[in-house]
Amino acid sequence: MSYKEISQRKLAELDAQIPAEWRLHPSQIPPGMLSPAESVTNVQHDRISVMHIPRSCGLLSARELALTETHDVRSLLHALATQQTTAEEVTTAFSKRAAIAHQLTRCLTEPLFARALTRARQLDAHLQRTGQPVGPLHGLPVSVKDSFHVHGVDASIGLAALAHQPSAADAPLVALLTSLGAIVLAKTNVPQTLGALDSANNLFGRTLNPLNRQLTAGGSSGGEGVLVAMRGVMVGFGTDIGGSIRVPALCNGVYGFKPSVGRVPYGGQESGQLAGKARIALQAVAGPLARSVADLGAVLEHIVPRAELFGEDCIPGFWGPFPRPAPISSFSSCPTTGVGQGQGQAGKLRVGVLRSDGLVEPLPPIARVLDEVAAVLRRTPGVEVVEVPVPAALSKCQGVAGRLMGVDDGGPMVDLLTATDEPLIPWLRGRMRLARGRALSIEQLAGLQAQRTALEREMLGMWTGGEGSGAGAERVLDAIMLPAAPHPVPELDRWNAVGYASSFVLLDYPAGVIPVRKFGERDLELGVEMAAPVRGSWDKANRALWTEKTVDRRVYLDSPLGIQVVTPKQHDYDLFRAMEIIDRAVRAEGTWEPSARL
């Protein structure tokens with residue numbers, strides 16, 4: 001069968017999983033919602049938001065709207081455990097909302113509504129019989145990226161050649177979530193090859209950004225970002241090797257958390273590549289997307305301590321502050337547990353501001369929002385802000401990360417695409433060839449890993465204040481704040497620089513995204529171009545997203561602007577706490593107009 005025939009069959013199966021009573025009337029779906037096949041190549045969409053439609057369409061009752069809109073994770077879990085609601089009622093409400101979201105954005109690949117309701121009834125029966133919930137996440141509606149194996153359904157990752165091959169078992173993360181009592185409602189859409197930053201493929205079509213259909217929803221966990229933003233689930237789980245959690249979080253105005261390797265089970269996924277490649281190249285991680293920092297913590301506090309019991313790729317861990325070596329300098333009065341270890345004023349969170357990756361200059365609105373957050377933090381008690389020079393090593397990280405992603409000849413993926421004559425999606429054209437490349441030799445691979453080691457060593461100096469080799473005896477920073485991307489959320493197929501994301505996978509630093517505010521009229525700076533010299537090809541491509549000859553800047557109006565926060569390797573709880581403190585300060589700030597808030 002051709003990829004078009006397989007797609008038609010797969011889409012019919014997906015459509016059959018949505019009950020008739022959950023379907024929007026055609027008049028409620030904005031015009032221009034192209035067929036899945038057309039959506040990949042035709043980028044003509046109106047600059048409109050569909051975020052209001054679930055609330056206004058009439059398909060959700062007042063009770064269902066309250067369940068899906070008024071709770072955070074902890075309050076919903078409390079309502080379930082105390083039987084103020086049932087898992088069946090919650091699952092029905094969120095499943096219906098997920099179905100509505102899909103009809104507006106194409107965010108789903110595998111609706112699991114029927115089995116989710118069966119599981120919900122089992123949880124309700126257990127709670128009623130025993131008085132005890134089934135795990136700390138009893139009844140929590142979640143979703144997972146399409147690459148995760150779920151028993152009995154496909155993990156096609158948007159490739160026709162992998163359709164209609166049901167998974168034999170659940171991925172370790174899916175098994176862990178189920179053991180905790182969570183209910184997986186659906187799997188979500190991804191880009192072709194999982195290697196693009198716009199979630200489009202020839203099997204399911206293009207996932208649209210619900211905030212503005214002219215802009216990308218991001219990738220590769222684009223479906224997750226959309227479904228979380230539209231409140232189709234409480235928490236979604238994606239993966240990240242080049243920004244695939246953080247990019248969709250930024251694009252859809254939600255929070256994303258890329259942990260260190262070993263904190264969240266990653267195995268049991270379809271990649272379309274050589275099995276085991278990540279263990280010799282660059283290792284991706286799995287992590288959550290949610291609508292608040294608190295919701296990220298509410299699931300990670302249960303996943304991280306149990307991860308080693310489910311994932312062969314996980315390490316023993318706990319969720320909380322851990323003891324650290326006492327400062328060597330006798331004059332230091334910093335505490336020895338929790339965040340606030342950097343050698344600033346005693347007990348303060350010391351945040352470094354890193355303004356660039358050394359390769360791509362952030363566009364004016366990106367630099368401005370970073371300045372704004374830094375100013376807020378300088379007014380925040382208990383926080384100290386310092387400027388961080390761009391480490392020379394950071395500008396080298398993107399290149400090494402990119403080369404490690406392509407250590408093999410690409411043959412398995414090329415074979416899958418050519419088996420059904422699939423063309424490349426627009427974002428991949430010019431970036432990938434449908435032909436085998438040349439795999440690196442052992443000597444070349446070892447050389448790349450040696451370069452990586454040298455960069456990791458040198459980057460230690462950013463945290464310790466060491467020079468040259470990075471040697472240092474004490475931490476001088478707790479967290480670093482920098483752009484999540486050097487440009488605003490771009491139009492379809494125009495995402496540019498990946499170094500602001502991929503570099504921290506190479507270094508294995510946990511990294512999270514915090515939405516700050518909307519892009520406003522004052523950010524346009526119409527008639528004013530950047531004066532700084534162009535640094536190179538990546539910077540030149542980035543300028544094309546701002547130069548008025550190549551883009552109408554008004555397309556960015558009301559799109560989310562955010563920041564990225566990183567901490568040292570394995571300091572995942574410190575990242576959560578730093579994000580919590582920074583986000584609380586941003587939310588409390590009263591200087592922005594209400595219309596600019598996210």
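A residue counts as exposed when its relative accessible area is over 50%, as buried when that area is under 20%, and as partly exposed in between. The views below show a predicted model.

**View 1. Glutamate 21, an exposed residue in a loop.** Glutamate 21 lies in the loop between α1 (3–16) and α2 (36–41). Its relative accessible area is 57%, and because exposed means over 50%, glutamate 21 is classed as exposed. Along the chain, glutamate 21 and proline 533 are 512 residues apart, and their C-alpha atoms are separated by 57 Å.

**View 2. Glutamate 224, a buried residue in helix α9.** Glutamate 224 belongs to helix α9 (residues 222–229). With a relative accessible area of 0%, glutamate 224 is buried. Leaving out residues up to four places away in sequence, glutamate 224 touches Ser143, Val144, Lys145, Thr188, Gly236, Phe237, Gly238 and Leu289. The C-alpha atoms of glutamate 224 and alanine 249 are separated by 8.7 Å, and these two residues are 25 residues apart along the chain.

**View 3. A cis peptide bond between glycine 219 and serine 220.** The peptide bond that joins glycine 219 and serine 220 is cis, with omega at about 5 degrees. Serine 220 is located in the loop between β5 (205–206) and α9.

**View 4. Helices α12 and α20.** The axes of helix α12 (residues 293–303) and α20 come within 9 Å of each other and cross at roughly 160 degrees. The two helices are therefore roughly antiparallel, since angles over 145 degrees are placed in that class. Their crossing is left-handed.

View 5. Histidine 302 is part of helix α12. It has a relative accessible area of 18% and is buried, because the limit for that class is under 20%. Apart from neighbours within four places in sequence, histidine 302 is in contact with Pro136, Leu137 and Leu180. Histidine 302 and leucine 180 are 122 residues apart along the chain, yet their C-alpha atoms are separated by 7.8 Å.

**View 6. Helices α4 and α6.** Helix α4 (residues 62–69) and helix α6 (residues 87–105) have axes that come within 9 Å and cross at roughly 85 degrees. This angle makes α4 roughly perpendicular to α6. Arg63, Glu64, Leu65, Leu67, Thr68 and Glu69 of α4 meet a set of α6 residues, namely Glu89, Val90, Thr92, Ala93, Phe94, Lys96 and Arg97.

**View 7. Helix α18 and the residue that follows.** All 8 of the 8 residues of helix α18 (residues 499–506) are buried, so the helix is largely enclosed by the rest of the structure. The buried residues are Gly499, Tyr500, Ala501, Ser502, Ser503, Phe504, Val505 and Leu506. After α18 comes aspartate 508, with a positive phi near 60 degrees.

**View 8. Two loop residues with positive phi.** Histidine 164 is a residue other than glycine with a positive phi, near 60 degrees. Aspartate 558 lies in the loop between α19 (537–543) and β13 (560–566); at 47% relative accessibility, it is partly exposed.

View 9. A disulfide is a covalent bond between the sulfur atoms of two cysteines. The structure holds 0 disulfides. Cysteine 57 is in no disulfide, and the nearest cysteine sulfur, in cysteine 107, is 14 Å away. With a relative accessible area of 10%, cysteine 57 is buried. For cysteine 251, the closest cysteine sulfur is also that of cysteine 107, at 15 Å, which is too far for a bond, because a disulfide requires sulfur atoms within 2.5 Å. Cysteine 251 is buried, at 0% relative accessibility.

Definitions and conventions:
Residues numbered from 1 in each chain as written. Predicted model: local features only at pLDDT ≥ 70, side-chain atom pairs only at ≥ 80, totals over all residues. Heavy atoms only, no water. Buried < 20%, exposed > 50% of the residue type's maximum accessible area, 1.4 Å probe, protein only. Axes fitted to C-alpha atoms, helices over the stretch in contact; angles between N-to-C directions. Helix = DSSP H or I, 4+ residues; strand = E, 2+ residues; numbered from the N terminus. Parallel < 35°, antiparallel > 145°, perpendicular 65-115°, else oblique. Left-handed = near helix turned anticlockwise from the far one by under 90°. Contact = heavy atoms within 4.5 Å.
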